[in-house]
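Please open the model in your viewer and keep the selection tool at hand. The tour goes from one selection to the next.

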Amino acid sequence: MLLEAAERTAITPIPAAKLHAFSYLSDVLSPVWNLPHFDGVVLKLDNGPYYPDIQRELDRLVVRGLVEVRKLRYVEGTYEGVRIDGDYSLNFTMNRLSPILSALGCESPEAAIDPRDYEIHCFLVELASALATIPSDQIHIAATVDATYANDQVDTSNIIDFESTNSDDKDLNRSVAATRRFQYFLPEGSSFSPGERLFLYATYLGKRMHG
Amino acid sequence: MANPKDASIPGVNDSDLASSVLDYPAQPLVDADEADRFCNQIRRLADSRAQSNWPNENSGDSAVFVMVKWPRSVREELSSVLGSLESVLDPQANLVPLFGRLFILNRDGSRGFVASLPCGTKDILDWLENNGLDRWPVAILWRQKERITFRRNATSDESRWLDVRSVMPKTTVDNLLKALSQFHEDRLVTPGSCEGVWMKGREAEYVPSPTPEKAIQTELKHSLGSWFHGSVKAESEDKTSVGRIDIRLLVRDHQAQGLRYWAIIELKVFRSFHHPTKENQTPQPVSRNKNVEAMRNGLEQAYAYSQDRNLDEGFLEIYDLRKDKSFIIEAQPDIEQYLKKCGKSIHWNIRPLYGSMADYRKFYISNA
Amino acid sequence: MIKFPLFRRINIYDYGLFPGASGDRQLIFDFSPNVSLIAGVNGLGKTTLLTMLLRSLTGPYDLKESGFPATLEAILPKAPVKLNRAALGFFAQRVADNAEKSRMTVDVSFGEDVLRVTRSLRNMSLIALEIDGVPLELESNEEKMKPKADLEKIQENKFQMILRDLMGVTTFVDVLIVLHYVVFSMERRRGALWDGHAQRQLLRAILLENDLVEQLPVLERDASQIDGEFRRARAEANKYQKELQSARVDAQSSPAKRAALRAIQYALAGEKERLEELMQQVVELGERRKELRQNLERAKHSRAGAQAVVEKQKFDMLFELFPTADDAVTLTLARILADEECLVCGADAKKRRLEIEQQLLHKRCPVCNSTFQTLEHVVPQNNLEANRLKRFVKEAEKAETEERTLLLELSTIDNERNIAIAKMEELKNSIRDKSDKVHIYGAQTLEPKEVHELEKTVDFLNNKKDQLAADSAIARKRLSDAYDSARASFAAITGGISDAFSDAIKKMIAEDARLVRGQPTAKMMQDGEPFKVFGFHVEMTAADRSGKAERKHPDDVSESQRELVDLAFRMALLDVAGRGSGCSLVMETPEASLDAIAMRRVGLALAEFSNRGKNRLIVTNNLTNTDMISSLFGGPSQSVNLMDDRCKQILNLLEEAAPNEAVKENREAYRNILDIALSGN
């Protein structure tokens, strides 16, 4: 679904680092769309987020022909060992692709195996569109300036756990708190929709990246 | 504006958030449907190029922009027909030449691919259809005419015209009134351009849909957002249970570091009939008093809202869906009385809608 | 800025253990501006001497009445604690004359100021105090008239305030923390990096610069005290509640009703207790779940990192063999070779791995089995990497097992937690029903006066308990808010410490180690969630792992690593908090846990420390492991002049201390050992 959203936004082929960053931002920002977190936890690394599970899934999709990879390579990991890298995109020549994407909720709630996946997909597409506005396509850097990831109280190599089990713990997910705070710059009675909040947050990330 | 009582977020600078909000009017129409969103983005692109006198252009009078679901997939499909397609990244910022070219873009018009136009502009719709691109919204930009023709898809009969502005309209009352008038002319005066106003198939009988206000409200919101793009946030709020619908327009307020209200528009409709519960049922007539009441309420609300939000002027747009428009509602005594009291601060307009082209020609064109 | 102490001189008078080399019952030693070595075999009083330095500054007070605790407790004492009789007699009990007339004078500077403190060795009481050569009156004429015990207290109090101000900390308790956790490293003491409470208090005392330095311990104490009061009130309320229940049972008219009510009450009490247990359990499971999730995430990275190292080797080899093959094909084969995982069907492909390895060995294509031509070097070159690869394969397997175990445990915990939450809801409903029933019994009975009296008492106690619960919540919130601000300040000032730590540690150990700001929590009260505080932990490479791993617990590292990491931490802290104004580090037998090579390396690192700025180093050595000694002075040397200089830097207890039997018998041999150790040849 992440890749499909990236295809719609035309940011493919997308390097692994950016895809992982997109994945992180979708996890941390999912409450903006009233969705639960996908993981709620990420290891803070100097070069931005990386999800071994997602990478493993990508590798499988590559071999199964649903995903294409170019410039497959191994790069030095910032935490342990090395990690695989490459530029990923959907393989449109694969006949099974369309029905699979439909079943995953990329077309309509009716065609999805789980109708909730359609909502997730809408969210991912909007987030990808918002991130596509970031200057020079520096999505992987955007994740490192994200309010939750950049929390300077958490040093690199530490886990950031932003899944809150306690409603008082609003400090956990500063990114969502920031998207809520946009509201305070509006007059009373006016509001931002979830999609608008994602775009505003992408603008905010752009500002953080470029001073 | 920013509530100082509410604790700011650690590590997040309020001034960064505020300046992001100030940039809000540059966002796409995030809540519009994909076609409208795309159309607005192309207009934005065209306006900005016109304002800098069409930089980097050589020849050609038209450019074609097609929104597709997966631009890369379309590129792969078209490469056998068009040869290699160049990547396009943020055409608004990067000043790629537009004319004489066919753009395959995402819904925000921000990324995709471009090739030379494969045929004359008049044949482009057929070409798109022949090449499997007939499902997608298409905008054609005309340099000489300074217009955009927009179709929700290449085979649609309906098309919309949008002016390209070499000078952006400022946020003035006159311009707002002009935008409202234009919206009425382009989208509402005849049936078919704005879905959801009339009951499908019974437009000529002047039978409205169950919620014509809602349909008009959504279209008007996006239309005003597009008209004043870059300077206005248009938003709507529906409280249909009490019949109140309004559109709010916000502009940047650099001093207060955020957005502030610029204008509030109340929408009302006059109608001859209620929406029938069954498809072929004869619709129940709406009393004259009901329409008078609608206007009175509209005036009162427009006034109350503008006062409430500290605005000098209010706007009331009444869309007249009546079959027989001869009864002059604004001339009724209590309306006249109300207009005397607060009319100066309310800009109100009654805009006629016709259920058929014949009526439109008969009553509107001839009167004009 | 903190001004750490720099010890300049010690004079010990009339103390039986240190008669002095000339036998005039006086030991005088000027500490070197760099390294001072206190040399002597066991039993000559090395520890006693270091303790004198410590007690010259703490006087008869410390953090606990028995002295310095092995690990620090969650809540700091409000004021320094007077030592008990045994601790006060530390010096007296070592000599026959009870140290009646013994005293010590220590010169120690803090920045530009020099403090000269003279104490009795009998009971550590203050005899005289001078600052910059000017004697200080520690009591007014009026105070001089007070009883001796009160007078001593007044004097020590003034001394403590003077020392607090000289050091630039906010309380004398903080002076004690700095002395124990920065200045003095005594054998078998756990350093601040390995003691969560100690680390928190130390970092607070020397790094935070605003009101929080003082506020935090006060808020901690308040919260803990109110929590204690609340728990006492709760126990009292429960006691009367039980009495009330019995009285109500007694008031019932028939034995059957009494039995029925008692049964309900009994069940109700049981359920309430169970509910409390469950609530606590849910909190604990939540904490555990969080921890597991985090460990799982780490394990995934470790597994993926190690697997990819192996996979990269296989991929590169396959790429050299079949440069034109599609990346997906190469990846599929590399994954089978590296992890025995089939990316096509997900199955375990061990058998296929062996087959492919055979095919490659016999120069056959792993897809169609045809023979192929290849450059000879490809396969052998990869063999060179075999050992390295084996390590990563092992590491990946280990991490994968860990990941699987964690996943399983996480799902168990999730399950348990959900069950506990559901059970809690059930219990709440049942408690509500039973309470209603109890009420009905009460309403149907004419209860005697005693029951009403008891009811009033229970109400009163319950109100008190509720009030204390509310106060406790407020106190917790205040503390947690204060820690929020403290964490923010802490984050802003700690980069320098991590850098200084890296500089220091790389000179002492071979492993790659770094100091990381962690997300520690501290449990300060009996019930409820721990508080998020601030602090560091160490990440270090190890022989059997591919990357850096967290080392939070002292048992996660070897004894020598633990000590050296702590030493580097101390050095980093005094560099940053003292801004280069220098410090005396006092260390007891730093070589104890090191091998010969490590001793030399650490010795040189310590020498370098002592040569930097105004830093001074005071170390003891028991002449059994002498390899470090010459390194401490900069390495082996034959120069006679240099040897003379080195000798001046030694407080030689073989000469200065009262000899024990071993020294009497082998004095010359020990002298030789020391001479050889000094020259390093």
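**Stop 1: chains A and C**

Select chain C and chain A: about 3,900 Å² is buried between them, and carbon and sulfur atoms give 45% of that area. Buried area is the accessible area (1.4 Å probe) that two parts lose on being put together, summed over both. This is a predicted model, in which local features need pLDDT of at least 70 and side-chain atom pairs count only at pLDDT 80 or more, while totals for chains, interfaces and linings use all residues. Residues are numbered from 1 along each chain as its sequence is written, chains are lettered from A and ligands numbered from 1 in the order in which they are written, and side-chain values use heavy atoms, without hydrogens and water.

Contact means heavy atoms within 4.5 Å. Here 48 residues of chain C and 39 residues of chain A take part. The count of salt bridges between the two chains is nine; a salt bridge is a side-chain nitrogen of Lys or Arg within 4 Å of a carboxyl oxygen of Asp or Glu. Select Asp53(A) and Lys300(C) to see a salt bridge between their side chains, at 2.8 Å, N to O.

**Stop 2: the sheet of chain A**

Helices (H or I, at least four residues) and strands (E, at least two) are DSSP runs, numbered from the N terminus. Two strands pair if DSSP finds at least two bridges between them. Select the open sheet of three strands in chain A, whose order is β1-β4-β3 with antiparallel pairing. β1 (14–15) and β3 (67–76) of chain A are at the edges with a single partner strand each, so one side of each has no neighbour in the sheet. Two bridges join β1(A) to β4 (residues 82–90) of chain A, and Pro15(A) has Asp87(A) as its bridge partner in β4(A).

**Stop 3: a strand in chain C**

Select β3 (residues 35–39) of chain C. Is this strand enclosed or open, and how many of its residues are buried? Five of the five are buried, so the strand is largely enclosed by the rest of the structure. Buried means under 20% relative accessible area, exposed over 50%, partly exposed in between (1.4 Å probe, protein chains only). Val35(C), Leu37(C) and Ala39(C) point one way, Ser36(C) and Ile38(C) the other.
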